[in-house]
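Subject: Structure handover

Hello,

Here is the structure you are taking over. Please open it first, then read the notes below beside it.

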Amino acid sequence: MKLHREPSPLLIPLTLLVTVWHPGTCLGHVSYTPQLSSSALEGKLTQSTFALEQPLGQFDKLNISDSDPIWLVVANSNAIRKFVAPKKVEDMPAPDSLAQRGYYFTLRATRAHYQGDQTGRQLRVLRVGNDTACPPESQNCNTPLPSSGPYRVKFLVMNSKGPVAETEWSKDIDLLQAQEFQHAPGSQSAGTVVIIAFQSIMLAILLAVFVVLVISPCFHSFRNVPISSPSEQVHMRQYSTHHMDSPPGLESS
């Protein structure tokens, strides 16, 4: 007689976990939030770029290979909930997919680029959107951002089997808008126009005075020179010299 033993209740959750879990789907967590550069950097934010702090030392203790790529994910702020880490590098969306998928991958690096023991005074930032030469449909292209945002970013570590670890999403990043570069409306613009008009008038007056001062002495000298009119006649007296007269007694025959 065979005895049938009931399966232990503890084995059922474990069996389900093994069935559902696949390698590469459980991402490690890096307790780091990307942020804009804290340095007084000119052009930290523009209409199509922004500068991030490099995540120095954040991946030093992570169990990854030195050759594993570390990607920057750039996403529309309202698209981070539908973000899905790709299983392989070939599936990573390029920048031209931003409008459709809401995110893309760029600025590929390795752990060696972000080592925490880097010394020197060199400013270390990541300029997102700084490459105008690469085609947006190519992977790893750092093309200029198409709008003012807002955007959010995070770092994702990949290997040959898929995603390995990721950081937190950054806060919203808003780029500059075109109207911020326009002149302020109102009295300031009107005052500027009045000043420019006044300066133009004064310059024209000074130029006219200069021309008068240069021409006036020449005109005065020209008036003091006597000029004979065509109606005036020049009278010349006729003189007869003695040696030009015929000797007396000599007549022509």
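Asparagine 140 counts as partly exposed, because its relative accessibility is 33% and partly exposed covers what lies between buried (under 20% relative accessible area) and exposed (over 50%), with a 1.4 Å probe and protein chains only. Asparagine 140 is found in the loop between strand 5 and strand 6. Its phi is near 70 degrees, a positive value in a residue other than glycine.

Before going further, note that this is a predicted model, in which local features need pLDDT of at least 70, side-chain atom pairs count only at pLDDT 80 or more, and totals for chains, interfaces and linings use all residues. Residues are numbered from 1 along each chain as its sequence is written, and side-chain values use heavy atoms, with hydrogens and water left out.

Backbone

Most residues other than glycine have a negative phi, and most peptide bonds are trans. Leucine 107 also has a positive phi, near 50 degrees, and is found in strand 4. The peptide bond from glycine 149 to proline 150 is cis, with omega near 10 degrees. Proline 150 lies in the loop between strand 5 and strand 6.

Overall layout

The protein has three helices and seven strands. These are DSSP runs numbered from the N terminus: helices are H or I with at least four residues, strands are E with at least two. Along the sequence the pattern reads α-β-β-β-α-β-β-β-β-α. Of the 253 residues, 26% are buried. The accessible surface comes to about 18800 Å², and carbon and sulfur atoms hold 58% of that; the areas come from the Shrake-Rupley method with a 1.4 Å probe, and for residues only the protein chains shown count as cover. A contact means heavy atoms within 4.5 Å. Among contacts between residues at least 6 apart in sequence, 71% join residues at least 24 apart.

Disulfide

Which cysteines form a disulfide? Cysteine 134 and cysteine 141 do, with their sulfur atoms 1.9 Å apart; the cut-off is a pair of cysteine sulfur atoms within 2.5 Å. By that rule the count is one disulfide. The link is right-handed, with 75 degrees about the S-S bond. Cysteine 134 and cysteine 141 are both buried.

Two threonines

Threonine 106 lies in strand 4 (residues 103-109). It counts as buried because its relative accessibility is 0%. Leaving out residues up to four places away in sequence, threonine 106 touches Trp71, Leu72, Val74, Asn140, Cys141 and Asn142. That list includes Cys141, a partner in the disulfide.

Threonine 49 is in the loop between strand 1 (28-29) and strand 2 (50-53). With a relative accessible area of 8%, threonine 49 is buried. Its side chain makes a polar contact with the side chain of threonine 46 at 2.5 Å. A polar contact is a pair of N or O atoms within 3.5 Å; within protein, one must be able to donate a hydrogen and the other to accept it, and residues adjacent in sequence count only if both atoms are side-chain atoms.

Aromatic rings

There are seven aromatic pairs. Rings of Phe, Tyr and Trp (its six-membered ring) pair if their centres lie within 6.5 Å; planes under 30 degrees apart count as stacked, over 60 as edge-to-face and the rest as tilted. Phenylalanine 83 and phenylalanine 105 form a tilted pair, 6.1 Å centre to centre with 40 degrees between the planes. The two are 22 residues apart: phenylalanine 83 is in the loop between strand 3 (70-76) and helix 2 (98-101), phenylalanine 105 in strand 4. Phenylalanine 105 is buried, with a relative accessible area of 1%. Tyrosine 114 and phenylalanine 155 form an edge-to-face pair, 6.0 Å centre to centre with 70 degrees between the planes. Ring pairs also link Trp71, Phe83, Tyr103, Phe105 and Trp169 into a cluster.

Nonpolar cores

A nonpolar core is a set of buried Ala, Val, Leu, Ile, Met, Phe, Trp, Tyr and Cys residues joined through side-chain atoms within 4.5 Å. The largest has 23 residues, and those with the most contacts inside it are Phe50, Leu52, Val74 and Phe155. Strands 2, 3, 4, 5 and 6 each supply at least two residues of this core. Strand 6 gives the most, with four residues. Apart from this core lies another, of 12 residues, among them Met92, Tyr103, Phe105 and Trp169.

Regards
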